[in-house]
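Please read them with the structure open beside you.

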Amino acid sequence: MTPCPPRLAYVCTVSGYNQPELEACLQHRPQDLILIVSHGMEQSGAPERLEQVLKTRLPATRIQRLGATTDMPFHGDDLCENQHWIHHVLLPVLRQLAAEGAHCWLNFTGGTKTLSTALLFAYPWDLCEYKPNNSHWLLQYHLITDDG
């Protein structure tokens, strides 16, 4: 398991089943946690439940929930819409955290495949994590681009 950096900004995609993301958050204890919530997930109540558990278990973690805004739709199913939302909503937050010295990790276990794809290639993540179904292991990846 990779040790946590001095300041960790951890990004998780919220879905209907968030046990793997919860376990990872409790393991890493990030200083900053960003929960990505599509419009459909917002309606399900899953983000509120996850956020309440996290606030109780990780009181020192600053939690931000990012999702659709009045001028920026975000349903999670459309690749182009996801890329647009990531560019205009998520990336400014990540860039600010990185400027403050945070290492940005992505947990792409939840959410849609199009959202995971867009997230993986939208930012130079310090580490990416994924927990497969029926596995006890949280897999970690360092993505390498053509330019190294």
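**Notes on the predicted model**

1. Arginine 65, with a relative accessible area of 29%, is partly exposed, a class that lies between buried (under 20% relative accessible area) and exposed (over 50%), taken with a 1.4 Å probe and protein chains only. The model is predicted, so to speak of local features pLDDT of at least 70 is needed, side-chain atom pairs count only at pLDDT 80 or more, and totals for chains, interfaces and linings use all residues. Residues are numbered from 1 along each chain as its sequence is written, and side-chain values use heavy atoms, with hydrogens and water left out.

2. Arginine 65 forms a salt bridge with glutamate 51, the closest N and O atoms being 2.8 Å apart, where a salt bridge is a side-chain nitrogen of Lys or Arg within 4 Å of a carboxyl oxygen of Asp or Glu. Because arginine 65 lies in strand S3 and glutamate 51 in helix H3 (residues 46–57), the pair ties together parts that are 14 residues apart in sequence; helices (H or I, at least four residues) and strands (E, at least two) are DSSP runs, numbered from the N terminus. Glutamate 51 is buried, at a relative accessible area of 9%. Salt bridges with shared partners join Glu42, Glu48, Glu51, Lys55 and Arg65 into one network.

3. Glutamate 42 also meets arginine 65 in a salt bridge, at 2.7 Å from N to O, and, since glutamate 42 lies in helix H2 (residues 39–44) and arginine 65 in strand S3, this pair ties together parts that are 23 residues apart in sequence.

4. Six strands make up an open sheet of mixed pairing, in the order S3-S2-S1-S4-S5-S6, two strands being paired if DSSP finds at least two bridges between them. Strand S3 (62–67) and S6 stand at the edges with a single partner strand each, so one side of each is left without a neighbour in the sheet.

5. Within this sheet, strand S1 (residues 8–13) and strand S2 (residues 32–37) pair in the parallel sense over five bridges, with valine 11 opposite isoleucine 34 in S2 and tyrosine 10 opposite leucine 33. Six of the six residues of S2 are buried, so S2 is largely enclosed by the rest of the structure. Asp32, Ile34 and Ile36 point one way from S2, while Leu33, Leu35 and Val37 point the other way.
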